[in-house]
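Please consult the sequence and the structure while reading.

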Amino acid sequence: MKKSINILFAVAEAAPFAKVGGLGDVAGALPEALNKLDEFNFDVRIFMPFHARVHEYDPDRRKIGNFNFSLMSGDTLECELFIAQIGSTKVYLIDNEYINHNSPIYHGDWRLDGLKYVSFSLMVLEASKFIDWKPDILHCNDWHTALAINALDQHYANDSFFKETRTVLSIHNLPYNGWGSQEAMSQLGFSPSTDPDLPDWAKFTPLPMGIAATDLVIAVSPGYSKEIQTPEYGCGLENYLSKHSDKVMGILNGLDIDSYNPETDEIISHSFSSDRLYQRLMNKLHLQSTLGLEVGHQIPLMTMVSRLSHQKGIDLLLDSLEQILHLPWQFVLLGTGDPELEERANNFAKSHPEKFVALLKYDENTARQLYASGDIFTMPSRYEPCGLSQMIAMRYGNIPVASATGGLKNSIFDYSDGLDTATGFLSHQFSVGDFSQTLAKALSLFTDKVIWTQIQRNAMAQDFSWHHSAITYAQAYLNLINPDIPENKTLIDEA
Ligand code: GLC
């Protein structure tokens, strides 16, 4: 049997063990999709902290052992290592006094998160040595694990175990750079990056340090990989990223198309397909009646499933809805988050009870009902590295009206480019004027059943499966391992 290519996938969260957002979805699906590529021989293993949430989920697991790490201070950090599985993918759960079984995935306290993730980044490498499993690729994700890449040079430079290891850093959300972990970094023996191209503030900040040290940066969509090289989205790292653009690429995330399948989804009240859209309508009528809204197929139903954060543009959405109050529509919002935005949404619902329902909670079942019932799905994001909801919405025939940014731009085909390809509507300026006009345009086209059905069928026919993305990741890994092979030559035969 051919030797496998070992990929150490280090990440803060992975569904279904522990998930806060899209990062958890990616980690729960991409490693498995890579392991399933028959034409390659990848052995991708997830390394994640043993959070309290993992404990609650209580996966089948086995303890592998304890290992120690000597700190600069002379103290020893003791770690426990467990193994579990997500699908057929091995998951190593690491615990130590900073991670400890009781900690939330993110403390929201920079000092505690710093200690947790800086130590985790080091322990990931120690754990792979402990199990004697040499990674060909160390694939880190976001600031939480970025420092594992720096540790290769700063802690393991003379260790032949990692001599051949090449590195990848995925950027899911650039503004979260790990600022505040400085004390933890000093305590755990990290020193500032010496890369002269990094701005001074970034030299001792986890995510930029990882970006400078890694062989390849992968943003979670081609659009975002370009945007982060501009002052508007680059968070102060745009000059670094554009100067080093040869090591920056973008790969669009995928979607779990088996779990999100309107034909087999048992949670929605009526399953349907693009040939049986009349059955889809039953979901809408059911939802309207459950929520006490006027029941009628001709009233356009808009939906949104989102974390209520500044990034997601809830403020812009509410201001835009204000502009089109004279039009007939209903809106159902599902999500939790920033208390101020929750209050704004609540107030809007109180002022317009016949039009707007705010469900300030998150539950997967209601989310699926909304995807399956809505006519229009809104995503007015200020920035969106990839975004998953628009893909789920399209798969369920719920037509996105979204900002033309990041992954939204890469996954939604705008109606203005022609009905043949249209899968949604993009708003090109982040403004109330533009977003409300885009909504009004979608609402008026909704009344033309021929056009609307065509857009729905186009949207539902798109292939967002992880398989596609996994092939591109595979190619990127192999190019790193064999840099001499020309990029456009397929490596599948040689793998
Ligand atoms: C972050 C981004 C989101 C992306 C997700 C997974 O949550 O905000 O756009 O889809 O990471 O990569």
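The structure contains 0 disulfides, a disulfide being a pair of cysteine sulfur atoms within 2.5 Å. Cys235 takes part in none, and its nearest cysteine sulfur, that of Cys386, lies 17 Å away. For Cys386, the closest cysteine sulfur is likewise that of Cys235, and 17 Å is too far for a bond. Cys235 is partly exposed at a relative accessible area of 34%, whereas Cys386 is buried at 3%. Here buried means under 20% relative accessible area, exposed means over 50%, and partly exposed lies in between (1.4 Å probe, protein chains only).

This is a predicted model, in which local features need pLDDT of at least 70 and side-chain atom pairs count only at pLDDT 80 or more, while totals for chains, interfaces and linings use all residues. Residues are numbered from 1 along each chain as its sequence is written, and side-chain values use heavy atoms, with hydrogens and water left out. The average pLDDT of the chain is 95, and 98% of the residues score at least 70; pLDDT is the predictor's confidence in each residue, from 0 to 100. Over residues 489-495 pLDDT stays under 50. For that stretch the model has 14 contacts beyond four places in sequence, a contact meaning heavy atoms within 4.5 Å.

Helices (H or I, at least four residues) and strands (E, at least two) are DSSP runs, numbered from the N terminus. Strand S7 (residues 166-171) is mostly covered, with 5 of its 6 residues buried. Two strands pair if DSSP finds at least two bridges between them. The pairings of S7 are set out below.

| Partner of S7 | Sense | Bridges | Example of bridge partners |
|---|---|---|---|
| S6 (residues 137-141) | parallel | 5 bridges | Cys140 and Leu169 |
| S8 (residues 216-219) | parallel | 4 bridges | Ile171 and Ala219 |

S6, helix H4 (residues 142-154) and S7 form a right-handed β-α-β unit. Right-handed means that, with the strands pointing away from the viewer, the path from the first strand over the helix to the second runs clockwise.

Helix H15 (residues 432-446) has 15 residues and reaches 21 Å from its first C-alpha to its last, close to the expected 21 Å. The expected span is 1.5 Å times one less than the number of residues. Among the buried residues of H15 are Phe435, Leu439, Ala442, Leu443 and Phe446. For helix H16 (residues 449-461), the 13 residues should span 18 Å, and the end C-alpha atoms are 18 Å apart, which agrees. Its buried residues are Ile451, Trp452, Ile455, Gln456, Asn458, Ala459 and Met460. An α-helix has 3.6 residues a turn, so residues three or four places apart point the same way. The buried residues of H16 pack against several elements, including helix H9 (277-290), strand S14 (399-403) and H15.

Most residues other than glycine have a negative phi, and most peptide bonds are trans. Ala15 and Pro16 are joined by a cis peptide bond, with omega about 0°. Pro16 lies in the loop between strand S1 (5-10) and helix H1 (22-35). Asp58 has a positive phi, near 55°, and is placed in the loop between helix H2 (52-57) and strand S3 (62-70). Asp132 also has a positive phi, of about 55°, although it is not a glycine. Asp132 is found in the loop between helix H3 (110-130) and S6, and is exposed, with a relative accessible area of 60%.
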